Amino acid sequence: MNTTITSRHFELTDSIKGYIFRLSESLEKYNLDILSTRIVISYQEKKGKEKKKRSYTIDLTLSMARANTIVISQQDKDLYTAADLAFSRMHKVLRRHHDKINCKQAIPSEEITALEILRSEAKASNQDDEIVPMDLDLHKPLDIEDALERLKSSSQQFFVFNDKDSKMRVIYKRIDGKYGLY
């Protein structure tokens, strides 16, 4: 990432440069293709009736590959406060952009084409439906001890079964490591 720091109407010290540079490096954590960052710090002094009013303005311009340029402007009496506020706003924008790109709910285009192929194959094979019989263990009565052993041997949290009295029962793992029975 190419970072340019420029000052207007005041002298830029090494400590200010280092602080701004560390803040700009923190923008890389979002793993977005940031091409360049341009920071312009300007000082403005206004004369009023009672006393002089001074303020610092930080203009942050961030260029990314395959995205629009982001521009943020922040003004404050203190230079470091203005920098912190500007970069926190930039972090918010980049986090939203990162979440938008890496949304877990979105289906990638490769999966969409694979789903369309599967659907078309299912429609084509819809004429010759085949029923495959399976044995269900649910209807076979079990002792509570047998159900407990099945639950222990599996990674499930609960197990539904019929007991010898034809009651439907549920045995489950509790948080404290014991087992409950309904």
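Reader: What does the accessible surface of the protein come to, and what share of that surface belongs to carbon and sulfur atoms?

Author: This is a predicted model, in which local features need pLDDT of at least 70 and side-chain atom pairs count only at pLDDT 80 or more, while totals for chains, interfaces and linings use all residues. Side-chain values use heavy atoms, with hydrogens and water left out, and residues are numbered from 1 along each chain as its sequence is written. Accessible areas come from the Shrake-Rupley method with a 1.4 Å probe, and for residues only the protein chains shown count as cover. The accessible surface comes to about 13900 Å², and the share of carbon and sulfur atoms is 50%.

Reader: What pattern does the protein follow along the sequence?

Author: Helices (H or I, at least four residues) and strands (E, at least two) are DSSP runs, numbered from the N terminus. The protein has four helices and seven strands. Read along the sequence, their pattern is β-α-β-β-β-α-α-α-β-β-β.

Reader: What percentage of the residues in the protein is buried?

Author: Buried means under 20% relative accessible area, exposed means over 50%, and partly exposed lies in between (1.4 Å probe, protein chains only). The protein has 182 residues, and the buried part of them is 24%.

Reader: How many salt bridges does the structure hold, and which residue pairs with aspartate 33?

Author: Side chains of opposite charge can pair when their charged atoms come close. A salt bridge is a side-chain nitrogen of Lys or Arg within 4 Å of a carboxyl oxygen of Asp or Glu. The structure holds three salt bridges. In one of them, at 2.4 Å from N to O, aspartate 33 pairs with arginine 66.

Reader: How many residues apart are aspartate 33 and arginine 66, and where do they lie?

Author: Aspartate 33 is partly exposed at 38% relative accessibility, whereas arginine 66 is exposed at 74%. Aspartate 33 belongs to the loop between α1 (14-25) and β2 (34-47), and arginine 66 to the loop between β3 (52-64) and β4 (70-76). The pair thus links distant parts of the chain, 33 residues apart.

Reader: Are aspartate 163 and arginine 169 buried or exposed?

Author: Aspartate 163 and arginine 169 form a salt bridge, with their closest N and O atoms 3.2 Å apart. Both residues are buried.

Reader: What separates the closest N and O atoms of arginine 174 and aspartate 176?

Author: Arginine 174 is partly exposed, with a relative accessible area of 40%, and aspartate 176 is partly exposed at 46%. They form a salt bridge in which the closest N and O atoms are separated by 2.6 Å.

Reader: What is the phi of histidine 9, and what is that of asparagine 31?

Author: Most residues other than glycine have a negative phi, and most peptide bonds are trans. Histidine 9, in the loop between β1 (2-8) and α1, is exposed at 68% relative accessible area; asparagine 31, in the loop between α1 and β2, is exposed at 67%. Both have a positive phi: histidine 9 is near 70 degrees, and asparagine 31 is near 55 degrees.

Reader: Which residues are in contact with threonine 37, leaving aside its neighbours within four places in sequence?

Author: Threonine 37 lies in strand β2 and counts as buried at 1% relative accessibility. Contact means heavy atoms within 4.5 Å. With those neighbours left aside, the contacts of threonine 37 are Met1, Asn2, Thr3, Thr4, Thr61 and Leu62.
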